[in-house]
Amino acid sequence: MSIVAVKLVRKPKHTYIKEKKVGEGTYAVVYLGKQEGTKRDIAIKEIKTSAFKDGLDMSAIREMKFLQELKHVNIIELVDVFSTSDNLNLVLEFLPADLEMLIKDKAVIFTPADVKSWLLMTLRGVHHCHRNSILHRDLKPNNLLLAPDGQLKIADFGLARSPNAPLDELTSNVVTRWYRAPELLLGTRYYTGAVDIWSVGIIFAELMLRTPYLPGPSDAEQLDVTFRALGTATEDTWPGVSSLPGYNSLKIYPPPSRNELRNRFLAATEKALDLLIWLTTMDPSKRFDSSEALLSDYFTEMPRPTECSHLPKKSGQVDEALKRKREDEAQEEAKKKELQTAKRRKA
Amino acid sequence: MTKTPDPEIKVTKVPKTTSTSVRISADDLYRQSTQFRYWSYRKQDLDKLRVQINDVGAEMTAQNIANALKSEEFKEQYVPGSIEPLTPDEENAIVTFYARKIPNTGQFFQMNSQIKATGIAFFRRFYLVNSVMEFHPKLILHTCLYLASKSENHFISINSYSKRIPKSTPESLLRFEFDITTALQFSLMCHHPYKAMYGFYLDIQTYISDVDHDRLNKCYDKGKGFINELLFSDTQFLFSPPHIALSCLWEADNELISRYLKRRFGGNEKKTKTTAPENDKEDEVNGEKDEAAESEAAKVREVTFDDMRRIIKQCSTIIKRALNPTITDARAIDKKLHYCMHPEKTLKRKREDTGTPDPANVKAKMESTQAQDPNQV
């Protein structure tokens, strides 16, 4: 069998140099490195195949399976896959920052055009997933990575799924709590790409607010937080909702008025609010799909989305610029003082 | 959401078809899939590939014989030429024979048709990269199904899986999992014709609004049966899932499907090629003009009614040709394969026949009977 084993090891297309270990997850170790020759920055996810009792891990399988199929500027690129002894190596493009880092860094100012640009790129990525009938199921700012050129890339397909039939039963225990759509919170087993769209809506709100929009303190309370902010779903607004498993003993909150929403999102234009309302519509069958969202007027009204190369990038860079400025100022100050003391001495 | 944010009033929903820009078609998307890029061939290329794989397997056999010849005993008794490598057709037959075991095993674990189909696809793809003379199908079969079941999101622990697979251990089942994944070029997404067939099922009702539902359902069920059978043929390597689905429906009820195709594609028929207009003469379908298209036709962008019928026709001929080797044939091939992989066993077998007492015999006997009876897997 030894000959066979040699034959089967898939050689990488390029040589990669691991430079430093940046993380160790449950099933993988992540290294930063370079592609030899092209000098391209890359990240290598090394998956230990022998470490698991049941063979290849499901998350690793999903990530590999879906990224192989999805080639899009707004989806993280799987540059290469190769095997070394009993390790599976996924070579991914290097993405130094994510949207969560930027949202949290209050030193970075977002203009409405920046928000529009990020939302547009997110929706383009989601649209590509959905037309390939792939649901991401874990969209959140932390999984929206930013390339050095400013492009936004959807990452982490460890929870993704491709439903085979429209009536394929799925688990409702997906998506990080704050970004989980109401149908999931209510425990539906049959859902669509609308769950991803909801997450995009909540991310849109977060980009405008600079703080999480529906931060439920626990899984149990997330539904209450959601309904309190957006109004309790009823049979009138969402036919069939009352037959979902989690729909019982709910507090009835009124939906927010247009003015209430205007006050919540002071910088938002009317078109921006329209889109937000569509993305966060309770009834998944009425909620916008990715094409409808991409065609919304918000994207065609002024201002134009910021060119991605002009978008705020890695938060650290801004800090450094500030630091340098302050250092320069301090030097100026010191120079002035020196001059003054010199003058005084002369005097 | 009863008051202001009722979107029906506030904003007019954008109709999905107003944009003038060119949209990527489902077919364009399919062309980006790994199934199309890595696992779709023209007929002649597929045949060539099988010959190449077979050459590698034959080399392996030659090497096995060379190794065995190092033993004096074998050297003395070996009749040159008595161990022949399998032919490409025999390889294909034995792979198909084993592949046909997957549905039963899958049924046992309550796997849906998608999982079973993926398992079969993995198994058959593996043998477009490796020869059965390198890896005996028995070593690969159940691992392919296990990997397929994980890939299709139907998790079973290896212990409970192994318990139900005769003569297996968790280790033996996982031994080649990584090698299989590598042979599959890490591409695990499989598009089967079931989904496409369901799409046609709905589309037919749109285009023939007064369709007889009993007849349509019958056609659909029969079509699904054809798909199940086609998993063991080369159609998946030669045609796209919608083509296969449509051909299966056609085989099930060609009158109905012909009516549907006329309505669906006949209306704005575009003559992109210089094919003689066949129009709707039913008998032409079974006519003789098929050589030009091959699966190349699958790569033509503008789909015309004529193209459609040509593809269906080719695909249908394969439907009737799905391999189903008999147990007797499979046993003969399996025996031959056993000696390719273990040339020294021919001797032991001889010795056994002459009744030489040898403790190794018992084991050899067990193994050879095992090899001869593929049914026991």
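Student: Which residue in β3(A) is the bridge partner of A:G33?

Tutor: In this predicted model, A:G33 has A:I42 of β3(A) as its bridge partner. The general idea comes first: strands of a sheet pair through backbone hydrogen bonds, either parallel or antiparallel. Here, β2 (residues 28-35) and β3 (residues 41-48) of chain A are joined by seven bridges, and their pairing is antiparallel.

Student: What lies in the loop between β2 and β3 of chain A?

Tutor: A:K39 lies in that loop. Its phi is near 65 degrees, which is a positive value in a residue other than glycine.

Student: In what order do the five strands of the open sheet in chain A come?

Tutor: Read across the sheet, the order is β1-β2-β3-β5-β4, with antiparallel pairing. The edges are β1 (16-24) and β4 (78-84) of chain A; each has a single partner strand, so one side of each has no neighbour in the sheet. On average, neighbouring strands of this sheet are turned by 25 degrees against each other, direction ignored.

Student: Which strands form the open sheet of three in chain A?

Tutor: That sheet has the order β6-β7-β8, and its pairing is antiparallel. Its edge strands are β6 (97-98) and β8 (152-154) of chain A, each with a single partner strand, so each has one side without a neighbour in the sheet. Helix α4 (residues 112-131) of chain A packs on this sheet and touches β7 and β8 of chain A; the direction of the helix makes about 35 degrees with that of β8(A).

Student: How many bridges join β6(A) to β7 of chain A?

Tutor: Two bridges join β6(A) to β7 (residues 144-146) of chain A, and the two strands run antiparallel. To find the pairing in the structure, look for A:D98, whose bridge partner in β7(A) is A:L145.

Student: At what angle do α4(A) and α6 of chain A pack?

Tutor: To read a helix pair, take the angle and the distance between the axes together. For α4(A) and helix α6 (residues 194-209) of chain A, the angle is about 170 degrees and the axes are 10 Å apart. An angle over 145 degrees counts as roughly antiparallel, and so α4(A) is roughly antiparallel to α6(A). On the α4(A) side, the contact is made by A:V115, A:W118, A:L119, A:T122, A:L123, A:V126 and A:H130. On the α6(A) side, A:D196, A:I197, A:V200, A:F204, A:L207 and A:M208 take part. By class, these residues of the contact of α4(A) with α6(A) are ten nonpolar, two polar and one charged.

Student: How do the axes of α14 and α17 of chain B cross?

Tutor: The axes of α14 (residues 213-230) and α17 (residues 254-265) of chain B cross at roughly 105 degrees and come within 10 Å. That angle makes α14(B) roughly perpendicular to α17(B). Here B:R215, B:L216 and B:C219 of α14(B) meet B:E255, B:L256, B:I257 and B:R259 of α17(B). The contact of α14(B) with α17(B) has four nonpolar, three charged and no polar residues.

Student: Which residues of chain B does the annotation "domain: Cyclin-like" cover?

Tutor: According to the unreviewed UniProt entry, the annotation covers residues 100-182 of chain B. In the model, this stretch is 65% helix and 0% strand, and its end C-alpha atoms are 23 Å apart.

Student: Where is the cis peptide bond from A:M302?

Tutor: The bond runs from A:M302 to A:P303, and its omega is near -5 degrees. A:P303 lies in the loop between α10 (290-294) and α11 (315-346) of chain A.

Student: What mean pLDDT does chain A have, and what mean does chain B have?

Tutor: Chain A averages 86, with 84% of the residues scoring at least 70. Residues 1-9 of chain A fall below 50, and this stretch has 18 contacts in the model beyond near neighbours in sequence. The mean for chain B is 77, and 75% of its residues reach 70 or more. Among the elements of chain B, helix α8 (residues 113-126) has the highest mean pLDDT (95) and helix α1 (residues 7-10) the lowest (37). Residues 1-19 of chain B stay under 50, and residues 355-377 of chain B also stay under 50. For the complex, the predictor gives an ipTM of 0.80 and a pTM of 0.80.

Methods. Residues numbered from 1 in each chain as written. Chains lettered and ligands numbered in written order. Predicted model: local features only at pLDDT ≥ 70, side-chain atom pairs only at ≥ 80, totals over all residues. Heavy atoms only, no water. pLDDT = per-residue confidence, 0-100. Contact = heavy atoms within 4.5 Å. Pairing = 2+ DSSP bridges. Helix = DSSP H or I, 4+ residues; strand = E, 2+ residues; numbered from the N terminus. Axes fitted to C-alpha atoms, helices over the stretch in contact; angles between N-to-C directions. Parallel < 35°, antiparallel > 145°, perpendicular 65-115°, else oblique. Nonpolar A, V, L, I, M, F, W, Y, C, P; charged D, E, K, R; others polar. UniProt positions renumbered as here; feature names shortened; annotations may be inferred.
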